[in-house]
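Please look over this model with me.

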Amino acid sequence: KSLSEPTFIGVSPLGWLVLALLLAGAWLLSRTAFGRDFYAVGDNLAAARQLGVAVNRTRMLAFTLNGMLAACAGIVFAAQIGF
């Protein structure tokens, strides 16, 4: 529960963590080759495969990141309600 209490500028440490993850994700998707591959696979799987994108690896990383972010959301939720 103490992780959800405001500390710096009225924002909790978990809030800062979420903000940092948001900024890192935005940078990753907009400025790296992985981000371009990620968008290509999400938009058109067959075209991404023809362009030489490692489709299976990109999909596996996408699902892994999704699971990690879902776990972080569960931790934030549990901290907010006090479990």
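The numbered points below take the helix pairs and then the pocket.

1. Ground rules. This is a predicted model, with local features needing pLDDT of at least 70, side-chain atom pairs counting only at pLDDT 80 or more, and totals for chains, interfaces and linings using all residues. Numbering starts from 1 along each chain as its sequence is written, and side-chain values use heavy atoms, without hydrogens or water.

2. α1 against α4. Helix α1 spans residues 13–31 and helix α4 residues 55–81; helices are DSSP runs (H or I, at least four residues), numbered from the N terminus. Their axes come within 11 Å and cross at roughly 160 degrees. Axes are lines fitted to C-alpha atoms over the stretch in contact, and angles run from 0 to 180 degrees between N-to-C directions. That makes α1 roughly antiparallel to α4 (an angle over 145 degrees).

3. Residues in that contact. α1 supplies L14, V18 and L21; α4 supplies L69, C72, I75, V76 and A79. Contact means heavy atoms within 4.5 Å. By class there are 8 nonpolar, no polar and no charged residues. Nonpolar covers Ala, Val, Leu, Ile, Met, Phe, Trp, Tyr, Cys and Pro; charged covers Asp, Glu, Lys and Arg; the others, Gly among them, are polar.

4. α2 against α4. The axes lie 10 Å apart, at an angle of about 95 degrees. α2 and α4 are therefore roughly perpendicular (65 to 115 degrees). F34, D37, F38 and V41 of α2 take part, and α4 residues include R57, R59 and L65.

5. The largest pocket. How much space lies in it? About 430 Å³. A pocket is an open set of points on a 1 Å grid where a 1.4 Å probe fits, with protein on both sides within 12 Å along at least five of seven lines; lining residues have an atom within 4 Å of a point. The lining has 17 residues, and L21, L22, G25, L65 and L69 are the closest to the centre. α1 gives the most, with 8 residues. The lining divides into 16 nonpolar, 1 polar and no charged.

Notes. Helices (H or I, at least four residues) and strands (E, at least two) are DSSP runs, numbered from the N terminus. Angles under 35 degrees count as roughly parallel, over 145 as roughly antiparallel, 65 to 115 as roughly perpendicular and the rest as oblique. Grid points are joined across faces, edges and corners, and a volume is the space filled by probe spheres set on the points.
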